[in-house]
Amino acid sequence: MKTKLFIVLVLTTASNNLMANATSQMFDEYRKDGVTVFNTDAGKTLWNKQFKNKKTGKPQNCASCHGSDLTQDGKHVRTGKKISPMALSANPKRYTDVKKIKKWFKRNCKWTIGRECNAQEQADILSYLIKQ
Amino acid sequence: MKKIIVPIALLTILFTTTIVIGDDDSYGKKEHSEKGYFKRFFGTKLDVAPVKNALYKEECGSCHFAYQPGLLPERSWKKMMANLENHFDENAELDTDTLKTLTTYLTRNSADKSNYKRSRKIMNSLSKNQVPLRITETPYFIRKHDEIPKRVVKNNPKLGSFSKCAACHTKADKGSYDEDEINIPGIGRWED
């Protein structure tokens, strides 16, 4: 029993550390790019803001694929593929890999907004998401 | 006693193997249970080589079904991977290293280099100058799905498109597209 508890503890701490490492590295980079305030409210607003799809003209936002409840699975708007929850509380594997964070910010900002998100926008969104 | 058991066991194995060889070719028409039993022991005769590349599964499979490389020719994969910024109107950009690795994986395992049944059939259905970007555009795919009424896929609220292989082909992720394994959302089994 004690061993089990120990293993669970070690694993939890390990995954927390991974998350902390990856996100703190991201926040360090944002600071280097001149970001001084990480605004979770601004992050939430941008997350929910509607943009027009370049081709169809239909409104779209982050929730189009990730859903409005971040603790639940999302669903890719085109392919229907399941997307695991964005909320850290529901999905501790999130935000543990710097490369992944960057990749998805790049792709998904380009699709949703039509351009890359700048450092401030990324910092706001990331700080909003890790508190969910 | 041991001396008797060993030959009996060997004979049993030989006997079962013979049946399997006979069973394998007549796919689709035999009893499902029997087939499933033999498949489990001797491996499924696959239609397309299954995806074993973890990077491919991760990078491509997080947005859509990880289509087997053997479903399109090398020329198609090359064209597709050269334009990931506009990937069917989505952004699917990859970093240079990942792009290179995955392009190599796709082109090395493409339909024109595969001996698997469906890969060969897809290739045979294409003319040399055709560079399909969608598997659903290949003549073989069209021929295999042309009897399906609109209500079943296109107008099926649970589907809407032929692109979601695994939505109906329950073993698509293992490279198996056998008719027996079809289970259409909201409709069920399908035989033509």
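Let's start at Ala111(B), which, leaving aside residues up to four places away in sequence, touches Gly70(B), Leu71(B), Leu72(B), Pro73(B), Ser119(B), Ile122(B) and Met123(B). Keep in mind that you're looking at a predicted model.

Several of those names come back when you look at the largest nonpolar core, a set of 15 residues. Ala111(B) is one of the members that touch the most others, along with Tyr56(B), Ala66(B), Leu71(B), Leu72(B) and Ile122(B). Two helices of chain B, α3 (54–61) and α5 (96–108), each supply at least two residues of this core. There's also a second, separate core of 14 residues, and Leu46(A), Leu88(A), Tyr95(A) and Ile125(A) are among its members.

If you take the contacts in chain B between residues at least 6 apart in sequence, 58% of them join residues at least 24 apart.

Now over to chain A, and back to Ile125(A) from the second core. Ile125(A) sits in helix α5 of chain A, where it is buried together with Gln122(A), Ala123(A), Asp124(A), Leu126(A), Ser127(A), Tyr128(A) and Leu129(A). That helix, residues 119–129, is mostly covered, with eight of its eleven residues buried.

Finally, look at where the chains meet. Ten residues of chain A and nine residues of chain B make up the contact. On the chain A side, six of the residues are charged, three are polar and one is nonpolar.

How values were computed. Residues numbered from 1 in each chain as written. Chains lettered and ligands numbered in written order. Predicted model: local features only at pLDDT ≥ 70, side-chain atom pairs only at ≥ 80, totals over all residues. Contact = placed C-beta atoms within 7 Å. Nonpolar A, V, L, I, M, F, W, Y, C, P; charged D, E, K, R; others polar. Buried ≥ 20, exposed ≤ 12 C-beta atoms within 10 Å, placed from the backbone. Helix = DSSP H or I, 4+ residues; strand = E, 2+ residues; numbered from the N terminus. Core = buried A, V, L, I, M, F, W, Y, C linked by C-beta atoms within 7 Å.
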